[in-house]
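Thank you all for coming. Please have a look at the sequence and the structure first, and then I will walk you through a few parts of the fold.

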Amino acid sequence: MPKKKAVDASDFAISSGHQLATEAGYAILEAGGNAVDAGVAAGIALGVLHSDLVNVAGVAPIILRMAGDAEVVSIDGLGTWPAAASVEYFEREHGGAIPQGLMRTVVPAAPAAWITALARYGTMSFADVAAGAIRCAKEGFPVYPLFALSLANHEADYRRTPDHAELYLPGGRPPKEGETLGQSDLAASQQYHVDQETAPRGDPAQGLRAA
């Protein structure tokens, strides 16, 4: 059995599901941000790095407890179904199943969850914490084994829509391990949030609401 390495962190530590997301959060901590700032940075980055599993515009349930406070806070970060959706409708029209496509999507909630966490408990701006995610989306990142496997397993699904095929099947095939995958449209969407926040307003809270 290989000997496990001990980790000794005297100031702070952060862990996530991908090294680049961890690095995004670590950079925030080194810049003076608190744990919430770092967690949001890592979480947004995972929406880029694990976009086959999670989504920047999807859901982001958050549980946190601030130091010195016994209260545990939950920000649900879960999107709601459209008002016209109902159990009866899906039972009547689709045999109780939820079909592929638009009908299985919820109102995006992740951006609101991240920004709520920043507004209530963070110390940094959305522009600061989203920088790592935007960089990963704009410049791309090396496809890792699990991501490559997931894209290959869902190739037929991606081929059903031109936008998915263009993103996840560049050159007409799933990218292989080690190849770079970029998401320029996602980078532009996140930059739009930043641009709305940084427009002259005079109040950081107003900037976060604008984002």
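Let me begin with a term: a residue is called buried when its relative accessible area is under 20%, exposed when it is over 50%, and partly exposed in between, using a 1.4 Å probe and protein chains only. What you see is a predicted model, in which local features need pLDDT of at least 70 and side-chain atom pairs count only at pLDDT 80 or more, while totals for chains, interfaces and linings use all residues. Residues are numbered from 1 along each chain as its sequence is written, and side-chain values use heavy atoms, with hydrogens and water left out.

Of the 211 residues of the protein chain, 36% count as buried. The chain comes to ten helices and four strands, where helices (H or I, at least four residues) and strands (E, at least two) are DSSP runs numbered from the N terminus.

Now to helix α2, which is mostly covered, since 13 of its 15 residues are buried. From its first C-alpha to its last, α2 reaches 20 Å, close to the 21 Å expected at 1.5 Å a residue, the expected span being 1.5 Å times one less than the number of residues. At the start of α2, a side-chain oxygen of Asn34 comes to within 3.1 Å of the backbone nitrogen of Val36.

How is α2 placed against α4, and at what angle do they pack? Helix α2 (residues 35–49) and helix α4 (residues 110–121) pack at about 170 degrees, with their axes 9 Å apart; the axes are lines fitted to C-alpha atoms, for helices over the stretch in contact, and angles run from 0 to 180 degrees between N-to-C directions. That makes α2 roughly antiparallel to α4, a label for angles over 145 degrees, whereas those under 35 count as roughly parallel, 65 to 115 as roughly perpendicular and the rest as oblique.

Finally, consider Asp52, in the loop between α2 and β1 (62–64). Is Asp52 buried or exposed? Asp52 counts as buried, because its relative accessibility is 18%. Not counting residues up to four places away in sequence, Asp52 touches Tyr144, Phe147, Ser150, Tyr158 and Tyr168, and its side chain makes a polar contact with the side chain of Ser150 at 2.8 Å. A polar contact is a pair of N or O atoms within 3.5 Å; within protein, one must be able to donate a hydrogen and the other to accept it, and residues adjacent in sequence count only if both atoms are side-chain atoms.

Note on methods
Contact = heavy atoms within 4.5 Å.
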